[in-house]
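Take a look at the protein shown here. This report walks through its fold, piece by piece.

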Amino acid sequence: MRKNLAVAGAFCFAAVIAVGIGGGTSQGAQTPALLLANALIVDGSGNAPYVGDLLIEGDRVTAVGPAGSLRPRGTYAYEDLHGLALAPGFVDIHNHSTDRFARDPAATTQVAQGVTTVIVGADGGSPWPIDDYLASVEEIAPAINVGTMVGHGTLRGRAMGDDYRREATESEIAIMAEQVARAMESGAFGLSSGLEYDPGFYSSTEELIALAKVAAAAGGFYMSHTRDEEEGVMDSIAEAIRIGREGGLPVQISHIKMGNASVWDRAGEALDLIADARAEGIDVTADQYPYTAWQSGLGIVVSSRRFSDPVAVAEGLEALGGAERLQIVSYSPDRSVEGMRLSDIAAREGRSGAEQYIEMMAQGGAGVIGHTMSVEDVAELMRSPHVMTASDGGIGSAHPRGAGAFARVLAYYTRELGLLSIEQAVRRGTTMPADRLGLTDRGRIAVGAVADLVAFDPATIADNSTFIEPLRTAVGVHKTWVAGQVVWEDNAGTQARPGRVLRKQ
């Protein structure tokens, strides 16, 4: 009877309008208390799962216990979840749905895989002003919860304009610091940087430390797409740790990876850096998407920025493992090449890979997926207790991670490979990111927690998205609840919009 609700007691109650984002109303009346019975409860703590019952009243979990132990009073709805796992809704700490909620307020690809909370503003690029952005999200009223970081690159661009290819002056850093303080007052969770991208690429470590101190004073953390995920990856991780040490705040390494063939088999060294920092007392964690391919701009291939230099370009392509490892996903001068590998485009045009790269950069660059990571490194990073799951994608992502990251961890790395237990896999996507964000009432199943939940079939949950069809929704999720309201069931989104704007407290 998974698909049907049986109602216990007299079903006579006054309709209560549920308060959603920003005090608006949801599109449906709030249900009575709901008893979810006989589920395999995976509570997010990392402890072993158990078969039990859970009671939702309003937007909160009000009771949890062994199967058959809960006896609610009065009117309540009942659903038997026998054979299904019940976990906290997934918290995506690194999501790029920033401006896409208006397009899809139901957040279909997110709730289909059990994601109930997303944090935008990563990689140094964030909305601005934060207050205005959060107000616009409240107006849209999406199905899921939304919070944001404040982006160093965004603030640097505001302070320096087009003259950013240099270190910032003291007065420019002071302007940025004031903006960080303003953003934190508005509810940003911390400071993000994207040091492999303009304009953050040109910043000094000292500039970042100065801004990190401002975020630290407001209880925030520092999240970084580090300067280099390839040849310079170890130095880049060390820089992020230094910023945490001298800035006095926790550090989150974004989408940790060994980004090309030149650094394969060195994941253990990166984890050693994190372990050493933690032993020193620096709170360092990382996030990871469960794929061996990244998505970025074509320019990232040549870290020297010498995009027209054949030698520099050839060296960059060689370090990646060759032009065949680059898949073009967006190129406005010629849409026909989208989906093709750079090597195939070059062959069609009678050029070398380097020549084709130079031509495409001269035309404004392209969006690219780099199939350049090793399976072994991804697995080693995934086994670390200090690395959590994040998508680095979101609504409308051209990379399958946007629609599949959390389901893929449970399907491929847990069920098929046995690399993680189900409780480890759930913890990576729930309590770990929630704790990093300071969200004490989300990302866990506990009395008093907000009823953001997902019920899924451990035997069938799977990512359905691919590098050719990245928007295909995951399968195997029975229902997703946000604040006690169903936002995904019967393989479709509902009309409920109970998501809330989340602010750092």
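What follows moves from the whole protein to single residues.

## The whole protein

This is a predicted model. The protein has 505 residues. Its chain forms 14 helices and 24 strands. Along the principal axes, the C-alpha trace spans about 75 × 50 × 45 Å.

How does the radius of gyration fit that of a compact globule? A compact globule with 505 residues would have a radius of gyration near 23 Å, and the protein has 23 Å, so the two agree. Contacts tell us about the fold too. Take the contacts with a separation of 6 or more: 75% of them join residues 24 or more positions apart.

## Surface and charge

Buried residues make up 58% of the protein. The accessible surface comes to about 18600 Å². Carbon and sulfur atoms account for 49% of that surface.

Now the charges. There are 41 positive side chains and 63 negative ones. The centres of these two sets lie 4 Å apart.

## Strand 4 and its partners

Strand 4 covers residues 33-41. Seven of its nine residues are buried, which leaves the strand mostly covered. Which strands pair with strand 4? Strand 5, strand 7 and strand 8 do.

Strand 5 spans residues 50-57 and pairs with strand 4 in the antiparallel sense, over six bridges. In this pairing, Ile-41 stands opposite Tyr-50. Strand 7 spans residues 76-80 and pairs with strand 4 in the parallel sense, over five bridges. Here Ala-33 has Tyr-76 as its bridge partner, and Ala-37 has Asp-80. Strand 8 spans residues 85-88 and is also parallel to strand 4, with two bridges between them. Its Leu-86 is the bridge partner of Ile-41.

## Leu-35, inside strand 4

Leu-35 lies in strand 4. Is Leu-35 buried or exposed? Its relative accessibility is 4%, so it counts as buried; the cut-off for buried is under 20%.

Which residues touch Leu-35, leaving aside neighbours within four places in sequence? They are Asp-53, Leu-54, Leu-55, Leu-70, Pro-72, Tyr-76, Ala-77, Tyr-78 and Glu-79. Leu-35 and Ile-56 are 21 residues apart in sequence, with their C-alpha atoms 6.4 Å apart in space.

Strand 7 has five residues, and four of them are buried, so the rest of the structure largely encloses it.

Helix 13 runs over residues 422-429. Six of its eight residues are buried, so this helix is also largely enclosed by the rest of the structure. The buried ones are Ile-422, Glu-423, Ala-425, Val-426, Arg-428 and Gly-429.

## A buried arginine

Arg-401 lies in helix 12, which covers residues 401-416. Arg-401 has 2% relative accessibility, so it counts as buried.

What surrounds Arg-401, not counting residues up to four places away in sequence? It touches Tyr-289, Tyr-291, Ala-293, Trp-294, Gln-295, Ser-391, Asp-392 and Gly-393.

## Backbone exceptions

Most residues other than glycine have a negative phi, and most peptide bonds are trans. Some places in this protein depart from that pattern.

Start with the peptide bonds. Trp-128 and Pro-129 are joined by a cis bond, with omega about -5 degrees. Pro-129 sits in the loop between strand 10 (115-120) and helix 2 (130-140). A cis bond also joins Asp-198 and Pro-199, with omega about 0 degrees. Pro-199 is in the loop between strand 13 (190-194) and helix 5 (205-217).

Now phi. Ala-141 is not a glycine, yet its phi is positive, about 55 degrees. Ala-141 lies in the loop between helix 2 and strand 11 (145-148). Arg-305 also has a positive phi, near 70 degrees. The loop that holds Arg-305 lies between strand 17 (294-297) and helix 8 (310-320).

Key
Residues numbered from 1 in each chain as written. Predicted model: local features only at pLDDT ≥ 70, side-chain atom pairs only at ≥ 80, totals over all residues. Heavy atoms only, no water. Buried < 20%, exposed > 50% of the residue type's maximum accessible area, 1.4 Å probe, protein only. Helix = DSSP H or I, 4+ residues; strand = E, 2+ residues; numbered from the N terminus. Pairing = 2+ DSSP bridges. Rg over C-alpha atoms; globule rule 2.2 N^0.38 Å. Contact = heavy atoms within 4.5 Å. Areas by Shrake-Rupley, 256 points an atom, 1.4 Å probe, with all protein chains shown as cover. Lys, Arg positive; Asp, Glu negative; His and termini not counted. Charge placed at Lys NZ, Arg CZ, Asp CG, Glu CD.
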